[in-house]
Amino acid sequence: MADSDEESSNFIAELLSLYNYEVIHAPTAAEAAHLAASLQFDSLIVSLDMPNGGFTLSQSLREIDGYDDVPVLFSTSEVYDYALLMEAQFYGALFLHMKPFNECELLAQLSTMVRLKILRDEIKGRLSELDRLASTDPLTGLYNRRMFFRRMDEEVARAGRTAAPMCLIYVDIGYFKVINDDHGHAAGDAVLQQVARTMTRIIRRGDVLGRIGGEEFLILLPDTPGSAGQRIAERLRQRVEHATIIYGGHKIKVTISAGVFHAADPVGLSLDEMVKVADQALYEAKETGRNRVVYRGEEENNNS
Ligand code: GH3
Ligand code: MG
Ligand code: MG
C-alpha cells in the first residue's frame, strides 16, 4: 500500500491484518518503488493523493520485473468522474476506491484482486510449462526440431547483421537401427541420451543444439570460423568413439558421422541451404566409411 495519509493507512493495515492479509505500507513513492523491487506483492493499493504517487508510481511499479500483471487498486479522496475512472483503468487499475474506505467494499475488491493474481500466476506457470514441452525433446532434453530452427533463424539473422561467420554441424549416429535390433529400443534410447550428453558437454555457451529426428542432431556454432567448427566436430566424433555405453549389462559402442558447413558470411543464406550443405557433407561422411567428419566451407575451397 502506497499512501502518505497516515490515518487511512493505519485503518487499512488494521482491517486487512484482521483478515490475514500481510500489509506493507510505503508512505512515499520512493519507498514504494524500493519495497516493490525487493519484495513481491500480490496486490497494490496506490493512493492518487500522494505526491509523486498515483498513476506515475503505478506505471513505474509495473515496469519492475514480475509486476506487469499485479492487480492495482487506486484510492482517491476526490469525488471521481468517468474520465478519472477511465484513466485509472488505462493505468492498469482493477478498482478505483473513493476515500474514506468502505470496509465491505474494500475487502470484496481485495479478494477479487488476490484471486485474479493467483489465476494469472497459474496461467503463467502452465504457459511456461507448455513452452518447455513444445520446445524440448523429452528423451534427451535438447531443443526439438521446431525450437532448433526457431533459434537458428534468430542466430542466422544476427550473423547476417554483424557479418559474423558460423558453422553448422549435422550429426548422425551410425548403424543405430542395429543397436535397437540387438539390444532393444530402451538401449537405443540410452544411447541417444548418452550421445546428447556428450554433445552438451562439448558445445560452448551460445551454441545451439537440437535433436532433429530419430538419431540425427544439428549444432549451430555462431561466431565460429571453419577451423574451429571442424575441430569441435572432430572432438565430438572421438569422444563418442571412445565412450562405452553400458546398458542392461551390455557394453555398447557407437560412432557418429558429421557434416560441417562453414559460412564465412551468412548474409542472404537460407536455413534450408545451410542444412542442405551440412547434410550433403554428412552423406559423404557416411558413404566414405562412417565415423568421419566431412567439411564444406570456404576455407577448404581456398586451400584446394
Ligand atoms: P545409418 O548408419 O545409415 O545412419 O543407419 P541407422 O541405422 O543409424 O539409421 P536408420 O535411419 O536406418 O535408422 C534409424 C533408427 O532409429 C530407426 C528408428 O526406429 C530408430 N529411432 C528413431 N527414433 C528413436 C528413438 O527415439 N528411440 C530409439 N530407441 N530408436 C529410435
Ligand atoms: Mg539417420
Ligand atoms: Mg544413422
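Which spacing do the donors of the magnesium ion (ligand 3) follow along the chain? In this predicted model, the donors of that ion follow the spacing D-I-x41-E, and the protein atoms involved come from Asp172 (OD), Ile173 (O) and Glu215 (OE), which lie 1.8 to 2.1 Å from the metal.

**Magnesium site**

- The magnesium ion (ligand 3) lies 3.6 Å from the magnesium ion (ligand 2), and aspartate 172 coordinates both of them.
- Isoleucine 173 belongs to strand S4 (residues 166–173), whereas glutamate 215 sits in the loop between strand S5 (208–213) and strand S6 (216–222), so the pair ties together parts that are 42 residues apart in sequence.
- Isoleucine 173 counts as buried, with a relative accessibility of 0%, and glutamate 215, at 17% relative accessibility, also counts as buried, because the cut-off for that class is under 20% relative accessible area.

- Arginine 237 is found in helix H9 and is buried, its relative accessible area being 11%.
- The side chain of arginine 237 makes a polar contact of 3.0 Å with the side chain of asparagine 291.
- When neighbours within four places in sequence are left aside, arginine 237 is in contact with Ile256, Asn291, Arg292 and Val293.
- Alanine 243 is placed in the loop between helix H9 (226–242) and strand S7 (245–247), and with a relative accessible area of 23% alanine 243 is partly exposed.
- Once its neighbours within four places in sequence are set aside, alanine 243 is in contact with Ile252 and Lys253, while alanine 243 and valine 254, 11 residues apart in sequence, are 8.1 Å apart in space, C-alpha to C-alpha.

**Parallel sheet S1-S2-S3**

- An open sheet is formed by 3 strands in the order S1-S2-S3, and the pairing is parallel.
- Strand S1 (44–47) and strand S3 (93–98) stand at the edges of this sheet, each with a single partner strand, so that one side of each is left without a neighbour in the sheet.
- On average, and with direction ignored, neighbouring strands of this sheet are turned by 25° against each other.
- Strand S2 (residues 72–76) is joined to S3 by 5 bridges, with the two running parallel, and phenylalanine 74 stands opposite leucine 96 in S3.
- In general, the strands of a sheet pair through backbone hydrogen bonds, in either a parallel or an antiparallel manner.

Definitions and conventions: Residues numbered from 1 in each chain as written. Chains lettered and ligands numbered in written order. Predicted model: local features only at pLDDT ≥ 70, side-chain atom pairs only at ≥ 80, totals over all residues. Heavy atoms only, no water. Donors = N, O, S within 2.8 Å, 3.2 Å for Na, K, Ca; no water. Helix = DSSP H or I, 4+ residues; strand = E, 2+ residues; numbered from the N terminus. Buried < 20%, exposed > 50% of the residue type's maximum accessible area, 1.4 Å probe, protein only. Contact = heavy atoms within 4.5 Å. Polar contact = N/O pair within 3.5 Å; in protein donor to acceptor, adjacent residues only side chain to side chain. Pairing = 2+ DSSP bridges. Axes fitted to C-alpha atoms, helices over the stretch in contact; angles between N-to-C directions.
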